[in-house]
Amino acid sequence: MGDEERILGECILAMYDIRGKQDFIYKSNKIREIVGGSYLIRDCFDDCLFPAARDCSEKGIFSYRRKKKKEDTDDFTVEHFKKRLEEGYIGEVIYDGGGNFFVLYKNADIYREVNRRFYRALLAHTYSLRVLTTYIDAIDFEDYRGDQRRLYDRHRKREQMESMIHPVNTLPIVQTDYRTSLPLAELLYPGDGKERKKEKVSFESRKKIEKYFQIDKAGKEDRQIQGSKLLDELITKKGEESLLAVIYIDGNNMGAKVEECLSGLKTYEECVKALRQFSAEIQKHYIDRRIRDADTLLSKRKNGKRRFVIYAGDEVTFICNARNAYDVAVEYLTRLAEDAEDGMPATSCAGIAIFHSHAPFAEAYRIAEECCESGKKRMKEEKIEHASLIDFHYCQGAFGTSLGEIRKEEETEDSSRPWFVTYPEGKPGELIKGKYVSMEIVQRMREVLKNAGRSNVKTLAFSAKKGAADFKSELERIRAHQLEKKLDFSLGGLLDDEMQRKLIYDMAIVYDIWFRQTEEEAGTADLDKQAEHTEKGEA
């Protein structure tokens with residue numbers, strides 16, 4: 001066996017999997033810690049793994065995202081990999097995206113030595129972030145798909161044996177963080193130092209806060225830091241309306257999309273190229289362009305500030321004024337579908353939690369995530385692959401309880417939500433699969449409710465909650481008192497009595513925030529009517 005064959009024969013493929021990301025990020029209700037935690041996750045390999053590799057070898061691990069020389073090529077080939085090993089690198093990142101991090105190492109001994117240093121650095125930098133790593137040997141460069149399956153199979157077995165023990169817990173004599181139960185280890189000036197009163201924080205919290213300010217002071221072009229830093233800056237008016245919304249959007253069927261992008265490919269060179277291209281496309285379509293769309297819409301609105309918490313891969317979480325949340329989420333999902341390439345549907349589900357600015361943010365986020373999951377559950381139940389859905393919840397208490405339990409307690413679990421924003425097989429204005437509400441139906445009902453008037457909308461909501469008989473009686477009363485308006489709550493016979501009750505109740509919950517005619521709209525309507533009369537010579 002030649003030297004080249006021997007060197008390649010010793011190579012291993014390793015996978016690094018960050019565990020419990022949401023738990024790590026949302027341990028705190030403080031936005032700076034949440035954002036700092038998300039950055040610690042984003043940068044954990046840059047801050048911990050690459051330095052650990054350089055401690056083992058001067059060159060460390062080669063990464064296509066961290067090229068030091070212009071002449072270094074991005075493409076992965078076996079020849080390039082061999083050349084890098086000869087130059088002194090001990091491994092190469094073959095793919096970094098979608099929460100997965102894959103490295104080809106020179107051999108298993110180097111992999112173990114790097115990990116010993118990596119986990120020590122991870123403890124020092126993050127305290128409790130867990131990263132599970134698995135590797136396979138006997139690499140076949142002509143069969144990436146086969147190696148990937150072997151690696152995933154072994155990783156699943158490792159997941160079942162994973163330790164859940166935190167690094168250090170507390171003693172009875174130690175003061176603890178009331179939320180995380182971690183020991184309070186340090187005194188720290190909160191915020192940017194303008195407040196001179198020190199605050200007791202855990203070691204983990206300190207690391208998150210330090211990371212936040214590290215990014216902030218670097219002055220980088222970063223939307224998470226650029227956004228409004230105080231939630232009270234996002235509200236309509238302090239003391240009158242302090243409603244905010246957290247919007248959680250997550251892409252659909254990403255595992256299937258990855259498999260689709262590898263369809264018909266086999267070798268490492270083919271598959272790695274396809275995966276890297278796929279990751280770049282996801283970043284462009286789901287993050288970069290969509291954030292630009294959201295900012296464009298918000299720039300035209302009152303209270304159009306926003307605060308991004310997380311955006312990575314196909315996931316976006318941000319906070320904005322509650323009045324703008326619905327339109328921003330619909331804009332995101334609509335533009336995502338319109339921007340998709342032919343034959344490559346792009347869809348996500350969105351969850352919105354409306355909450356008061358001083359309510360626990362982590363709880364509002366959890367509710368938004370569960371709303372998003374309700375859309376994904378609907379897709380799974382109906383075996384729908386390509387659709388974007390939206391669900392929402394108005395948080396008026398009951399924090400610490402699941403969305404399902406809240407709706408069960410409120411007797412609203414059987415509702416018209418989630419609503420379909422996009423569905424390629426549906427026809428505009430029709431029920432999806434004959435029983436689910438589309439965004440066109442919501443818009444048509446909005447016009448009917450506007451004509452009915454706010455006071456009638458509120459009484460309809462009250463009667464809808466009481467029961468079907470009360471609701472039907474109230475509908476008849478409103479129709480009888482407004483015969484000239486010809487109010488049709490069935491939308492031309494499209495909605496039966498039960499669906500009318502569900503939809504009107506769901507819309508009434510957020511009618512004043514999202515669906516009631518604004519002063520600007522009313523002014524525009526008056527101007528349009530005046531122009532129409534002028535054209536007819538009636539002015």
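# Legends to the close-up views

**View 1. Strand 3 and strand 4 run antiparallel and are joined by 6 bridges.** The model is predicted, so that local features need pLDDT of at least 70 and side-chain atom pairs count only at pLDDT 80 or more, whereas totals for chains, interfaces and linings use all residues. Residues are numbered from 1 along each chain as its sequence is written, and side-chain values use heavy atoms, with hydrogens and water left out. Strands (E, at least two residues) and helices (H or I, at least four residues) are DSSP runs numbered from the N terminus, and two strands pair if DSSP finds at least two bridges between them. Within this pairing, Asp96 stands opposite Phe101 of strand 4. Strand 4 also runs antiparallel to strand 1, to which 6 bridges join it, and here Met15 has Phe102 as its bridge partner.

**View 2. The open sheet of 5 strands has the order 2-3-4-1-5 and mixed pairing.** Strand 2 (61-63) and strand 5 (130-136) are its edge strands, each pairing on one side only, and the twist from one strand to the next averages 25°. Angles run from 0 to 180 degrees between N-to-C directions, with axes fitted as lines to C-alpha atoms, for helices over the stretch in contact. Strand 2 runs parallel to strand 3 (residues 91-97) and is joined to it by 3 bridges, with Ser63 having Val93 as its bridge partner in strand 3. Helix 11 (residues 268-298) packs on the sheet, where it touches strand 1, strand 3 and strand 4, and its direction makes about 45° with that of strand 3. Helix 6 (residues 108-126) lies across strand 1 (12-19), strand 4 (100-105) and strand 5, and runs at about 180° to strand 5.

**View 3. Tyr16 and Phe118 form an edge-to-face ring pair.** Rings of Phe, Tyr and Trp (its six-membered ring) pair if their centres lie within 6.5 Å, with planes under 30 degrees apart counted as stacked, over 60 as edge-to-face and the rest as tilted; the count by this rule comes to 32 aromatic pairs. The ring centres of Tyr16 and Phe118 are 5.8 Å apart and the planes stand at 85°, so the pair is edge-to-face. With Tyr16 in strand 1 and Phe118 in helix 6, the pair links distant parts of the chain, 102 residues apart. Tyr16 is buried, its relative accessible area being 0%, and Phe118 likewise counts as buried at 0%. Both rings belong to one aromatic cluster, formed by Tyr16, Phe45, Phe50, Phe101, Phe118 and Tyr119.

**View 4. The largest nonpolar core has 163 residues.** Such a core is a set of buried Ala, Val, Leu, Ile, Met, Phe, Trp, Tyr and Cys residues joined through side-chain atoms within 4.5 Å. The residues with the most contacts inside it are Tyr16, Tyr105, Trp419 and Phe489, while helix 11 gives the most to the core, with 13 residues. Leaving aside its neighbours within four places in sequence, Tyr105 is in contact (heavy atoms within 4.5 Å) with residues including Ile12, Tyr16, Ile61, Ile90 and Val114. In soluble globular proteins, nonpolar side chains tend to be buried together.

View 5. Strand 9 and strand 10 (residues 315-321) run antiparallel and are joined by 6 bridges, and Tyr311 stands opposite Val316 of strand 10.

**View 6. His393 is placed in strand 12 (residues 388-394).** At 6% relative accessibility, His393 counts as buried. Not counting residues up to four places away in sequence, His393 touches Ile352, Ala353, Ile354, Ile367, Cys371, Leu403, Ile406, Arg407, Glu410 and Arg417.

Conventions. Buried means under 20% relative accessible area, exposed over 50%, partly exposed in between (1.4 Å probe, protein chains only).
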